[in-house]
Structures are given as C-alpha cells and as structure tokens.
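Had a look through this one for you. My notes are below, point by point.

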Amino acid sequence: MSRTKVQACVYCGSTEDLTIEHVVPLSRWREFKLRRRVLDNPSNRVIACHKCNAEKVNMPPAQWFQLHPEYRKRFIHEARFLSNRVKELTGIFL
Ligand SMILES: [Zn+2]
C-alpha cells in the first residue's frame, strides 16, 4: 500500500491556496551576505499557503519562527532538503 503525500503549507499545514515561498526572502541577500542565486534556488523554496506567505512577507525566517513557534515542528520535519545556510538562518535547527 502506498500513500500519496498531500501537499501542505510547511508552516501551518493548510492544503488550500498554496504558493511557492522563499524561506529567506530574496530581497535580503545582501543582509545575510549571500549570493542572490543561493536564495533564488530550490534549496530556499518551500510550499506555503497564501495566508502564511502574505503574513511573512519579507520577514527574516528567525523572526517569523519567533512570532510563530507553533510552526517550528512541522517546518523542521518538512524542510530537510533546504540548504544548511538557509536552515541556519531560521535559528531553529540545532
Ligand atoms: Zn500556512
């Protein structure tokens, strides 16, 4: 028996109005001393619902997870494919 995984928001788990979200906002590449292409890359992209995406806007990931500690557990489980640098910037992979 196999199960097809339903796509869901990596933050709140919603399965509605899904969008592509950059964990570290593209606009912050200078601030985090990264090359822009490191952020404009699948290793920084996750699926998030429109509601989370609209609330997070260009917030740094660490700030987002401080605001929503309840989203940490799901994100850690779902976001194993992200680059180590992106994970580090979330401040929740320890
Ligand atoms: Zn969401």
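**Notes on the fold**

1. The protein chain comes out with five helices and two strands. Keep in mind that this is a predicted model. Reading from the N terminus, the order of elements is β-α-β-α-α-α-α.

2. On overall dimensions, the C-alpha trace spans about 45 × 25 × 25 Å along its principal axes. What about the radius of gyration? The protein chain has 13 Å, which agrees with the value near 12 Å that a compact globule of 94 residues would have.

3. How much of the chain counts as buried? Of the 94 residues, the figure is 22%.

4. Now the contacts. If you take those in the protein chain with a separation of 6 or more, 72% of them join residues 24 or more positions apart.

5. The largest nonpolar core holds 15 residues, and the ones with the most contacts inside it are Cys9, Val10, Tyr11 and Ala48. Strand S2 (45-49) and helix H5 (84-90) each put at least two residues into this core. Which element gives the most? That would be S2, with three residues.

6. Leaving aside residues up to four places away in sequence, what does Ala48 touch? Its partners are Cys9, Val10, Tyr11, Thr19, Glu21 and Asn53.

Technical notes:
Residues are numbered from 1 along each chain as its sequence is written. This is a predicted model: local features need pLDDT of at least 70, side-chain atom pairs count only at pLDDT 80 or more; totals for chains, interfaces and linings use all residues. Helices (H or I, at least four residues) and strands (E, at least two) are DSSP runs, numbered from the N terminus. The radius of gyration is taken over C-alpha atoms; the globule rule is 2.2 Å times the number of residues to the power 0.38. A residue is buried if 20 or more other C-beta atoms lie within 10 Å of its own, exposed if 12 or fewer, and partly exposed in between; C-beta atoms are placed from the backbone. Two residues are in contact if their C-beta atoms, placed from the backbone, lie within 7 Å. A nonpolar core is a set of buried Ala, Val, Leu, Ile, Met, Phe, Trp, Tyr and Cys residues joined through C-beta atoms within 7 Å.
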